[in-house]
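Thanks for making the time this morning.

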Amino acid sequence: MDRPLICLTLTGKTLLENLTLVNKYRSVIDVAELRADFLDDDERLLIRKFPLMAGLPCILTLRRVVDGGQFREGEAARTVLFARALSFAGEENAKTFDYVDFEEDFRVPSLQDVALAFGTKIIRSVHCMDGPVSNITERLRSLRTTSYEIPKIAFMPHSLSDVTKLFAEAEQMNDNNHILIAMGPLGAPSRILSAKLKNYLTFTSAPELASNVGNLAHFDPITLNETYHFKTIDRDTDVFGITGWPLNATSSPVLHNTAYRAHNMNAVYVPLRSEKIGDVFPLARQIGVKGFSVTIPHKESVLGYLDSVDEHVAEIGACNTVVEKDGSWYGYNTDWSGFKRSLLEFTGFKNLRGKRVAIIGAGGAAHAIAYAVKKLHGNACVFNRTLGKARALAEKFGFKYAPLGPDSVHLLKRYSDVIIQTTSKGMNASLPADESNDPIYFYEFSGKEKVFDIVYVPETTPVMARASQAGCKVCNGYEMLKYQGWEQFALFTGVEYNDYNE
Ligand code: NAP
């Protein structure tokens, strides 16, 4: 079975700039696409030199604005440029573009003849930049009018359902002589799981020029190879993933994919971004997802889609891990156990018996944390900006509650053996600590408190810095995140996670 190739899309202004990128990524790419529409005018006159300079198979593309490109000079000028690039190519293979991209409506028989004469394959493309394409299978068939054409359909999905339809349509295809792409962040599975779409190739961009094609959400070739192990993915690869919205940054793919590789498992973990949790399950069924992580904002809403949940999910009211078994979906929560393990390591305690604990915040994460504190026999008070949420959470576990502000300072002092910060207030904040980034700015540390902030970016949050200065022992949320991921891995695969130095 042929595996999809990795193509590096080149959007530099000069041939030399593009060549530098080809050389930098040569070891991880198979093909280079020269996007001549991005080149300076003078450079466009020299494009026929590029295949020999690059020394690997090249695609020539001159994309119009309507198809998401930069070429504005009209069809006559485009035809002339294509003719220059193709018809003057020598008969030596190294001097010839291996592929040329002609859009569906760009049919110039003389250029097609030239391409045929020099053995240049035509990628016959359709781009829909503002929505999905329907009848994909039929459309692909009608695009390929000769055997030396590779039909390509790329569209911008509106939701994950559009991506699901793409995978469903690809099932009808018998060969890998086509390219199907869902663009943008929603389309990430179509780029990584190219082998499941039976694609001829997948497109990537160098991080140096990623902003030129930002809305397409190309992966860079190193990430595709090293994080997702693209070259080992085939039609039998087991798929796992993570869903959430907007899911801009997540370290989970590195954590899970590193372990699959270490255990020689034919498996991959991919982002399954979705605004609606309900759209994730049809895609998961379509591509055979065996398990997925759930993050903000779907941890509660996912419960309505599960066939069964474990006792911890039932008590916490949130699920961050979904596993498929014999066609049913099972929900687990590893946030609470990941937190518990990290907290015990940090404090050196066996449990929280006899300890007074402050839980700052009453959001989604605080629910798993309050559950862990209860399981560890801690006596806690929940402090939150919105008092109703503090009350609801505290009453669930028999804890005290109070508003988050200077009026609660005495109560906070009484519950200060361990202070667990769970609000998002210090996230991405810079020092020094002040009222805007430290949720307990009104509290003066004695130096005896153990302070656990579940936020891990920055590594030292403002409240941690202030507590540490007063002599307190502090810990961020990185180990909690790591341990919850390790447990997910075990639930997904049945294998214990080791520390693989991701
Ligand atoms: P969430 O459900 O949106 O809850 C946010 C909490 O922060 C609420 O208690 C909210 O108070 C409070 N808050 C937000 N802005 C505030 C402000 N300006 N002043 C005071 N309180 C404020 O979010 P979540 O899922 O609980 O996540 C919270 C944080 O924990 C995030 O930074 C997340 O990245 C981190 N987290 C870490 C891990 C880990 O593994 N380490 C796991 C999960 C979450 P109100 O109720 O008044 O709105």
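Predicted model: local features only at pLDDT ≥ 70, side-chain atom pairs only at ≥ 80, totals over all residues.

Along its principal axes, the C-alpha trace spans about 85 × 50 × 40 Å, and the chain contains 18 helices and 20 strands. If we take the contacts with a separation of 6 or more, 67% of them are between residues 24 or more positions apart.

Let me now turn to the helix pairs. Two packed helices are described by the angle between their axes and by the distance between those axes, and I will follow that scheme.

I start with helix 7, residues 160–170, which packs with helix 11, residues 280–287, at an angle of about 15° and with the axes 9 Å apart. Because angles under 35 degrees count as roughly parallel, helix 7 is roughly parallel to helix 11. Their crossing is left-handed. On the helix 7 side we find Leu160, Val163, Thr164, Phe167 and Ala168, and these meet Val280, Pro282, Leu283, Gln286 and Ile287 of helix 11. Sorted by class, this contact has eight nonpolar and two polar residues, with no charged ones.

The next pair is helix 13, residues 335–347, with helix 14; here the axes lie 8 Å apart and the packing angle is about 55°, so the two helices are oblique to each other. Helix 13 passes helix 14 in a right-handed crossing. Helix 13 brings Asp335, Trp336, Phe339 and Lys340 to the contact, while helix 14 brings Ala368, Ile369, Tyr371, Ala372, Val373 and Lys375. Seven of these residues are nonpolar, three are charged and none is polar.

Helix 14, residues 364–375, also packs with helix 15, residues 387–397, their axes coming within 10 Å and crossing at roughly 30°, which means that helix 14 is roughly parallel to helix 15. This crossing, too, is right-handed. The contact is formed by Ala366, His367, Ala370, Tyr371 and Lys374 from helix 14, together with Leu393, Lys396 and Phe397 from helix 15. By class, these divide into five nonpolar, one polar and two charged residues.

Note on methods. Residues numbered from 1 in each chain as written. Heavy atoms only, no water. Axes fitted to C-alpha atoms, helices over the stretch in contact; angles between N-to-C directions. Helix = DSSP H or I, 4+ residues; strand = E, 2+ residues; numbered from the N terminus. Parallel < 35°, antiparallel > 145°, perpendicular 65-115°, else oblique. Left-handed = near helix turned anticlockwise from the far one by under 90°. Contact = heavy atoms within 4.5 Å. Nonpolar A, V, L, I, M, F, W, Y, C, P; charged D, E, K, R; others polar.
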